[in-house]
Amino acid sequence: MDFPARLVQLRKSQGLTQQQLADAVELHVNQIKNYESGSGQPTLSSLVKLAKTLHISLDDLVFEGDERGPDEQLKLQFEAIRDFDEEDKALAKGLLEGLILRHAAKQSMLRQAASQRELASQS
């Protein structure tokens with residue numbers, strides 16, 4: 001579900017009209033209508049006000065359900081790491097950081113190669 005639909009669903013689940021929500025977050029009702037229709041994007045300060053008024057986290061307002069968290073295959077591993085002692089947590093963190101850097105480098109090389117192929121095809 002995208003942001004406009006999520007905002008409509010959250011507002012309605014709390015029994016608020018567009019006008020009531022607008023009043024609560026100190027915005028004009030047309031801004032709420034624009035957000036809900038997808039024809040306008042809220043500022044960061046408006047998002048914060050909306051999240052506070054709707055009693056949800058900013059992540060829950062902006063992102064899809066599991067868009068920000070680890071996928072199902074990794075959740076159990078991350079839960080296990082929570083119980084590690086500090087030394088093992090630091091080791092796990094270092095390993096993850098290394099893997100993330102490796103992945104970023106691979107992606108950068110792939111983008112660079114694709115860009116070079118595109119330039120060569122244009123010649």
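This is a predicted model: local features need pLDDT of at least 70, side-chain atom pairs count only at pLDDT 80 or more; totals for chains, interfaces and linings use all residues.
Local features need pLDDT of at least 70 and side-chain atom pairs count only at pLDDT 80 or more, while totals for chains, interfaces and linings use all residues. Residues are numbered from 1 along each chain as its sequence is written, and side-chain values use heavy atoms, with hydrogens and water left out.

**View 1. Inside the largest nonpolar core.** Such a core is a set of buried Ala, Val, Leu, Ile, Met, Phe, Trp, Tyr and Cys residues joined through side-chain atoms within 4.5 Å; buried means under 20% relative accessible area, exposed over 50%, partly exposed in between (1.4 Å probe, protein chains only). Of its 15 residues, Phe3, Leu7, Leu21, Ile32, Tyr35, Leu50 and Leu61 touch the most other members. The largest share, four residues, comes from α4 (helices are DSSP runs of H or I, at least four residues, numbered from the N terminus).

View 2. Look for Ser46, Leu47, Leu50, Ala51 and Leu54, which are buried. Just after α4, His55 takes a positive phi of about 60°.

**View 3. Ile100 on α7.** Ile100 sits in helix α7. Why does Ile100 count as exposed? Because its relative accessibility is 56%.

How values were computed. Helices (H or I, at least four residues) and strands (E, at least two) are DSSP runs, numbered from the N terminus.
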